[in-house]
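User: I've got a new model open and I'd like to learn how to read it. Can you walk me through it?

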Amino acid sequence: MQAKFRSSLLRCLSNIHFLERFYDTFMASSPEVRNAFAHSDMERQMAMLNASLYQLMNLYEKRDDKARAFIQELGASHGKHGHQIPPALYDLWLDSLLKTVEECDAQYDASIGQAWREVMSYGIGLMKSNWDAQPKTPRGAEPAIAPEEIQHLADRLKELSQEASHRSDLERDSEASAFQFGQYRAYLHASQVVHELLNKK
């Protein structure tokens, strides 16, 4: 189950259109979703989603405390004291994600779909349970990705790259592409954040 999800995640993130296609599908799923994201910075959303997918995988695979804290805070920041995203929209989010995986993963089959549903549902349940929690960072003041989370993500990617050394050349190439594209999104959003901070001075 874990190996199927991990390999599929890497194939999906290697597809330059995966994250954009997901948000197109998600936005089309409901007027409420479109309204919720009407004024969102979509590059920021895609950078956060890229990081969150790895954190959700790490939470499911290892029940990692740092990943758990990340997902709990994500749930709180989207809850009633944050962005006020109704819990019901998480179900549309998951359905849209699974449709996008089926579309973008050339090796998709029913077992891969089930792996995604199981891994994502575990994290979504944790996010929903934090609907009433108070976010640690006030709404509107969230960093793109906290420095400790970037380090945690980098450590996890290093582990994955070590695991990749035992897989086929094709799988290694997929992992490298996914990592490079994730870096592009993170660096792009980081540059936007720095630019905004400079403009405030």
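Analyst: Helices and strands here are DSSP runs, numbered from the N terminus. Keep in mind that this is a predicted model. Read along the sequence, its pattern is α-α-α-α-α-α-α-α-α, with nine helices and zero strands.

User: What share of the 201 residues is buried?

Analyst: Buried means under 20% relative accessible area. In this chain, 44% of the 201 residues are buried.

User: How do I check the length of helix α6?

Analyst: Count 1.5 Å a residue: the 17 residues of α6 (residues 88–104) should span 24 Å, and the end C-alpha atoms are 25 Å apart, which agrees. Its buried residues include Leu89, Trp93, Leu97 and Val101. The buried residues of α6 pack against α1, α2, α3, α4, α5 and α7.

User: And how do I read aromatic pairs?

Analyst: A pair of rings is described by the distance of the centres and the angle of the planes. Planes over 60 degrees apart count as edge-to-face. There are eight aromatic pairs here. Phe22 and Tyr23 have ring centres 4.8 Å apart and planes at 65°, so they pair edge-to-face. Phe26 and Phe37 are edge-to-face too, with centres 5.7 Å apart and planes at 70°.

User: Which residues form one aromatic cluster?

Analyst: Phe22, Tyr23, Phe26, Phe37 and Trp93 do.

User: Which rings does the charged end of Arg63 sit over?

Analyst: It sits over the ring of Tyr60, 5.3 Å from the centre, and over the ring of Tyr122, 4.0 Å from the centre.

Notes:
Residues numbered from 1 in each chain as written. Predicted model: local features only at pLDDT ≥ 70, side-chain atom pairs only at ≥ 80, totals over all residues. Heavy atoms only, no water. Helix = DSSP H or I, 4+ residues; strand = E, 2+ residues; numbered from the N terminus. Expected span 1.5 Å × (residues − 1). Buried < 20%, exposed > 50% of the residue type's maximum accessible area, 1.4 Å probe, protein only. Contact = heavy atoms within 4.5 Å. Phe/Tyr/Trp six-rings, centres within 6.5 Å; stacked < 30°, edge-to-face > 60°. Lys NZ or Arg CZ within 6 Å of the ring centre and 35° of its normal.
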